[in-house]
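Dear colleague,

Please find the structure below for your records. I would be grateful if you could read the notes that follow alongside it.

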Amino acid sequence: MSVLNTLKKLFRGHARQSRQDAMSTFAKRYESFKELLDCNADLAGILARLDAAQRGELTMEMRIVRKEARRAIVCCEHMAYCLNAISNNRHKRLEETVSALGKRIENELQQHAQGDITELVLGIGEIDAGLTYSVGAKSANLGELSNALDLPVPKGFAITVQAGVLHLLRNSGLFRKMHITLRGVDPEDPESIQAQSAKVRNMITEAPVPPDVAAAIYRAWDTTFGSRHVMAALRSSAIAEDGAQSFAGQYLSVLGVTRDTLLDAFKKVLASLYSTRAIAYRASNGYPLEASGMGMCCLEMVQAKAAGVAFSRHPVDVRSTDVLINGLWGLGEMVVDGSATPDQWLVSRNENTITGEKIAEKRVRLVLKRKGDSCEEEIEDVPLEFQLAPCLTEAQVEAIASMAMKLEHHYQYPQDMEWAVDEDDDIILLQTRPMSMDAPVYDSTPLQRLDTPPIFSGADVAAKGVAAGPVFHVEEGDDMTHFPQGAVMVLRHSSPTAMVCLKKAAAIIAETGSLTGHMASICREFHVPTLLNIPNVFNLLEDGMVVTVDAISGRVFMGEIPELLSIAIRREVPRVDSPAQVLLRRIAAYVLPLHLVDPHSKLFTPENCTSLHDVMRYAHEYSYSSMFLLSDSLSDEKGGATVRLICNVPLDLYMIDVGGGLKEGVRGSARPEDVTSTPMHQVLNGMLDPDVQAKGPRPVNMRGFLSVVGRSMTGSHLEGGQRFGSHSYAIISDCYLNFSSRVGYHYAILDAWCSDALNKNYIRFEFAGGAAGNEQRSRRVRCIGMILTSLGFNVEIVGDRLRARYQKYPKGEMLDRLTQLGRLLIMTRQMDMLMVDENSVSVFANNFLSGNYH
């Protein structure tokens, strides 16, 4: 059976389809292909965010982790479905693999949901960080400070999440009414949010506290505070708070709480789950509006002489090894919200001594004032003698710094700690949370004062850092085992195959690539400074040349630049023990690693996809292979669905428009100016180039022809010198081209996607056949390969068959290659007859690349 008939059977089955049915089938496959590419782009972004969150470069709250993980599963499910829709279900095992991975991930997500503690209250002495899902992060952290680290915290107790849940469920119909009301929220309408928020909060505060909940809360108060007349603060401790990303400021804290007002305060704090700000925050970030995970901590109020915050690492200066402490007289809220300029100290982490001090003028302070049975916050003037005096003694500064470092060591992550000094000059810790690590900020001072100009600038930074080393070029398919330790790897194009020697590379530079691509993700994981999208860098840098890679501001310098290398501190970011990070670590193995690197390997199968990243790579790779075969589903059909191209090219070419490829109303025949398909238009520009047309060799017969992109054809050779049909077909849309040419004894396919979306762009090309002898056919295909390699294609030649690929390049680069392919399609029709000796291979290739087409 011929190759052509084999392909037809594969795509159309045994029964002959009507023209209308064939077009309908193809249109559906084309739509599936577009959907697969969209899912691939979405999934790349999801994986990049999860990877950054796991490494501490992006903060991510627990529910966002769950949301992103589930979105990743859905993307993979749809990619597998689309791949099978394109390929007539040739990859059904992939769907089974995705299902199994999805179940494993979902099992982890479910296990790390709300805790199963049934107690309604717990003393601070009974709590540690493992109870986050039962008491909320704020209470869990305070318990950890007190019990695991023996650090001073206020007296108090925790009200568990279970107490709030019972309040909502024990009051008949309350939760149902809340749910119905929240369904009426329009996230885009602030008035709607405000109105529904008020209704829900009123429902909660008007409902009576269940007797067993009330009894447990009163019992905890009496046990903790005894008969003393205590003023307490009842603070929200929601499950989402004080993790790597907080709902800070969204929920309520009630000050001046007494035993008599305790239950009313409980209902107010619980109701703040549905405050206007909290609902708007959930709506804009994809959280369920009916969340009910609110714990609380009831703490004796501290009459603070001074208060503030301490960062165990400098939040701005990445080179600093100091603890940063800010403080003011009175309560610390004015430090937290930035409404006043605080005193500032820098304390050496190594020696715990003060290395810097800035004392601010502090004219006012925030204090607590008792008013009957309650108290309120008030702003008052600071006595004149204290306005320019430091609010902490040196001993207190050093003690606070020591506490901050102790917390970082315990949590294995930089900490943001709130502290207060009480009336007895004792330091009390109010809370701790992971420092925000969204975007490490590098001190740019040495970067601005360099006298040496960069040899390249404006690159995209895929992985931050600075490094220097000798240049070592790596071509696609090179043996990576000989890559030298400490060299700077230079690539034409980013490729995940680079991971073989990432641990050896000082840095990586690529002419082009995607920041959300596989290689970029791997480089961030391995902390290898990486720059992408530097035009022509592969040709301009020479092997052995020493360069400094500045992957902070996107520059490359000749030689070693000490000023830059001085900031090349590879400080490992410790992993936070927040609930979100714990969950990320548990699901990461099923989501992030990329094991399927080589599509030619026998291990490149659905059964070996052990992560969603593997599934993404497999589906993306085989989607191109499947699209390569599509043109033959309609290759021998004519009729109303095809439009014949009328122009001065030696082809009997029929076009099939599946959307946006031709001007409106074109029927039957079309001229080049009627073509609106971007890739087809560029190919025609090359074919109709006057330099090619005016001097091009006139065909003796319709033998040689070229084509592009596509991954594989069935079989390795055309048996028995089989002759193909005389028609050529182009399936086109606004961004897509599948150009199948069967002319004489030649077969060629050009398959391309060209758009503004770099991650979707590709060109694939295959050429085979010819009536000349084996030696001449071999020379011709090597000549074509030499030309395409010079144009940046990844080329594979087996016998007289050539396959080439060019993908994930900017649109401008794609347009240029498509035009060159159009020229090459014309010039190769009789090339086999010109390949009279080995010298003619390089002569013809060099002439073509220099614009001499004859």
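This is a predicted model: local features need pLDDT of at least 70, side-chain atom pairs count only at pLDDT 80 or more; totals for chains, interfaces and linings use all residues.

Residues are numbered from 1 along each chain as its sequence is written, and side-chain values use heavy atoms, with hydrogens and water left out.

Helices (H or I, at least four residues) and strands (E, at least two) are DSSP runs numbered from the N terminus; two strands are taken to pair if DSSP finds at least two bridges between them.

The open sheet

Seven strands make up an open sheet with mixed pairing, in the order S14-S18-S17-S16-S15-S19-S20. Strands S14 (460-463) and S20 (555-558) are at the edges with a single partner strand each, so one side of each has no neighbour in the sheet. From one strand to the next the twist averages 30°, where axes are lines fitted to C-alpha atoms (for helices, over the stretch in contact) and angles run from 0 to 180 degrees between N-to-C directions. Within this sheet, strand S15 (residues 465-474) runs antiparallel to strand S19 (residues 546-551), and six bridges join them. Gly465 is placed opposite Ala551 in S19.

Strand S7 (residues 322-329) is mostly covered, with eight of its eight residues buried; buried means under 20% relative accessible area, exposed over 50%, and partly exposed in between (1.4 Å probe, protein chains only). Asp322, Leu324, Asn326 and Leu328 point one way from S7, whereas Val323, Ile325, Gly327 and Trp329 point the other way. Strand S6 (residues 306-311) is joined to S7 by six bridges and runs antiparallel to S7; Ala310 has Ile325 in S7 as its bridge partner. Strand S8 (residues 343-348) also pairs with S7 in the antiparallel sense, over six bridges, and Asp343 in S8 stands opposite Gly327.

Helix H10

Helix H10 (residues 211-225) has 15 residues and reaches 21 Å from its first C-alpha to its last, close to the 21 Å expected at 1.5 Å a residue; the expected span is 1.5 Å times one less than the number of residues. Its buried residues include Val213, Ala214, Ala216, Ile217, Ala220, Trp221 and Phe225. They cover an arc of only 165° around the axis, which puts them on the same side of H10; the arc is that of the directions from the helix axis to the C-beta atoms. Pro211, Arg219 and Thr223 are exposed on the other side of H10. Gly226 follows H10 and has a positive phi, near 65°.

Aromatic rings

Rings of Phe, Tyr and Trp (its six-membered ring) pair if their centres lie within 6.5 Å; planes under 30 degrees apart count as stacked, over 60 as edge-to-face and the rest as tilted. By this rule the count comes to 13 aromatic pairs. Phe33 and Trp753 form an edge-to-face pair, 5.9 Å centre to centre with 75° between the planes. This pair links distant parts of the chain, with Phe33 in helix H2 (residues 19-54) and Trp753 in strand S26 (residues 746-753), 720 residues apart. Both Phe33 and Trp753 are buried. Phe33 and Tyr762 also form an edge-to-face pair, at 6.1 Å centre to centre and 90° between the planes. Here Phe33 in helix H2 is linked to Tyr762 in strand S27 (residues 762-769), 729 residues apart. Tyr762 counts as buried at 0% relative accessibility. One aromatic cluster is formed by Phe33, Tyr736, Trp753 and Tyr762.

With kind regards
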